[in-house]
Amino acid sequence: MSKQPRTAITPTREENFALWYQEVIKAADLAENSPVRGCMIIKPTGYAMWENMQRIFDDMIKELGVQNAYFPLLIPLEFISREAEHIDGFAKECAVVTHHRLEKAEDGKGLVPAGKLEEPYVIRPTSETIIGDSMARWVQSYRDLPLKLNQWCNVMRWEMRTRLFLRTSEFLWQEGHNAFETAEGSKDDQRKMLDAYADFVEGSLAVPVIKGEKTPDERFPGAISTMTIEAMMQDGKALQAGTSHDLGQTFSKSCGIKFQGRDGSEQFAHTTSWGISTRLIGAMIMSHADDDGMIMPPRIAPQQVVILPIIRDDADSTKILDYAAEIKAQLKTAGIRAHVDDRDMRTPDKMWGAIKQGVPIRVEVGLRELEEGVLTHVRRDLGRESKATCSVADFVSQAPAILDEIHHYLFDTAKERMEARIVDVENIAALDDLFANAHIGFARMDVACLEDKALEAVMDKYSLTTRCMPFADEGKKVLIGKAY
C-alpha cells in the first residue's frame with residue numbers, strides 16, 4: 001500500500017475554505033458545472049442524497065396534511081406584474097422567454113429565435129402567483145380551506161456569481177403554498193412549517209439550526225413576516241437553510257383568492273409559502289466534511305455501508321465476493337443501505353474513494369475474515385480510531401446504533417462549534433471591534449441596536465447582514481454575521 005497522503009483534499013479548510021469546498025464536491029463526485037452558464041449537473045451520488053431528503057421530508061409534510069401538485073414552469077408576465085412588491089424583489093433575477101420557435105438563420109448557419117410571443121413568459125423564480133391563480137378557482141367557500149399544496153420542482157434565478165449547490169441559476173427545491181380562512185391560521189402554519197424544517201435539517205442532516213424571524217429588510221418580497229432556520233458553517237458564515245413566510249392577504253388580493261365566509265360575506269384568504277432547496281447539500285458539506293473529503297450524515301447517505309472485498313489471490317475471489325454479498329443481504333434485511341464495491345481496482349484506491357465520498361461505515365473482508373467468520377469496520381467520522389473486528393451477526397445487530405452514533409456525533413460537534421462562535425456585544429462599537437479582529441461566527445446584540453444609524457456603516461464595512469431574531473431570545477436579540 002502506498003504511503004497515506006497528509007490529506008485527500010488540497011487545499012485544506014484552513015488554507016482556502018472556498019476552494020476546499022469545491023474540491024470536496026469533486027472528490028465525492030457529487031456535482032459539476034454545466035455548459036449552461038450558472039447551472040450545475042447533479043451527479044448520481046449527489047442526486048441520490050437529494051432523493052433521500054425528498055422522501056423523508058415529503059413524508060413529514062404529508063403527515064401535516066399537505067398534498068403534492070405540479071404547476072407550469074412558464075409564468076405569464078402579467079401574473080407576476082400583479083404584485084408590485086414581489087416583482088421588485090425578483091425582477092433582476094428573472095429569465096424571460098420571448099419567442100416560441102427557432103428557425104434557420106438568413107446565412108443558413110445555425111438557428112435563431114423566431115415567432116415573438118405577444119406576451120413574454122417568466123421561467124418561475126417562485127410560484128406564488130401561478131399557484132395563487134389556481135387557488136382562486138379552487139377556493140369558493142370557507143369549507144374549501146385550509147388548502148395545503150406543495151410541489152417539488154426547479155426554479156430559475158439568474159446569478160452572477162455561482163457556487164455549486166449554494167447558489168446556482170437553476171436549482172431544485174420544494175415550494176409549499178397554503179391558504180387559510182383566518183390570519184391566525186396562516187400565522188400558526190408559518191411556524192408549524194418552520195418547525196418541520198428544523199426537525200428535518202437537525203434530525204436527518206445532522207445540521208444544527210437557529211430558529212427565528214427575519215428583520216424587515218430581510219423579509220421575502222410581499223411577505224408580512226419571514227421566519228428562518230439559520231445554520232453556521234465551519235468557516236463561521238451563516239447559511240439560510242429554510243424559510244417560511246406569512247403572506248397575509250398580499251397574494252390572495254392580487255390573485256383573487258376569495259371565498260364566502262361563515263357569515264356569508266366575501267373574504268380574502270390568508271396564505272403562507274415555505275421552501276428548502278438543494279443548497280442543503282452544500283450546508284451538509286460545509287458543516288461536516290473534513291480535509292479527507294465528504295462525511296455523509298447516515299440518514300440521507302445513498303449507501304450507509306460500503307463493503308470492500310480484499311482479494312490478493314484470484315483463486316479466493318469468488319468465495320470472498322460471495323461472503324461480501326451475504327453480508328450485504330443481511331444488512332439489507334436489517335434496513336440498512338449497503339453496497340459491495342467489486343470494481344477491478346486496487347484496494348487502497350477503493351478505500352480512499354469511500355473516505356472521500358463520506359460513506360458512514362466502511363467494511364473490509366478478506367480471506368482471513370472469511371475463514372474466521374468476521375469483518376472489519378471503520379466509521380468515517382472517527383476514522384482509523386474506530387477500526388474494529390467482530391462477527392457478521394454482531395455487526396449487523398450493532399450497525400443501526402453505530403449509524404445513530406455517527407449522526408449524533410456530527411450534530412453535537414457542529415452545535416458545539418456554532419454555540420462557541422456566537423458572541424454577545426453591547427453596542428455598535430463592540431460589533432466593530434469584534435469583526436475588526438476577524439471574528440469567525442455571529443454577533444448577538446439587542447434588537448434596539450437596529451435603530452442606530454451607525455449600524456449600517458459597520459455592516460457594510462465587514463459585509464455583514466442580520467440573520468434572524470432568535471425565538472429563544474423572545475425577539476429581544478438579533479444575530480449578525482457574514483453569510484453565503
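This is a predicted model: local features need pLDDT of at least 70, side-chain atom pairs count only at pLDDT 80 or more; totals for chains, interfaces and linings use all residues.
**Entry 1**

I looked up how helix α9, residues 317-333, sits against helix α12, residues 392-420. Two packed helices are described by the angle between their axes and by the distance between those axes. Here the angle is about 35° and the axes are 10 Å apart. I also noted the handedness: α9 and α12 cross in a right-handed way.

Next I asked which residues make the contact. From α9 I listed Y323, I327, Q330 and L331. From α12 I listed V392, F395, V396 and A399. I then sorted the contact residues by type: seven are nonpolar, one is polar and none is charged.

**Entry 2: strand β17, cover**

I turned to strand β17, which spans residues 361-365. Is this strand mostly covered or mostly open? It is mostly covered, with five of its five residues buried. I checked the two faces separately. On one side I found I361, V363 and V365, and on the other R362 and E364. Each of these residues is buried, and both faces of β17 are covered.

**Entry 3: strand β17, partners**

I looked up the strands that pair with β17. Strand β15, residues 305-309, runs parallel to β17 and is joined to it by five bridges. Strand β18, residues 374-379, runs antiparallel to β17, and four bridges join the two.

I followed V363 of β17 to both partners. I307 stands opposite V363. In β18, the bridge partner of V363 is H377.

Key
Residues are numbered from 1 along each chain as its sequence is written. Side-chain values use heavy atoms; hydrogens and water are left out. Axes are lines fitted to C-alpha atoms, for helices over the stretch in contact, and angles run from 0 to 180 degrees between N-to-C directions. A crossing is left-handed if the near helix is turned anticlockwise from the far one by less than a right angle, and right-handed if clockwise. Contact means heavy atoms within 4.5 Å. Ala, Val, Leu, Ile, Met, Phe, Trp, Tyr, Cys and Pro count as nonpolar, Asp, Glu, Lys and Arg as charged, and the others, Gly among them, as polar. Buried means under 20% relative accessible area, exposed over 50%, partly exposed in between (1.4 Å probe, protein chains only). Two strands pair if DSSP finds at least two bridges between them.
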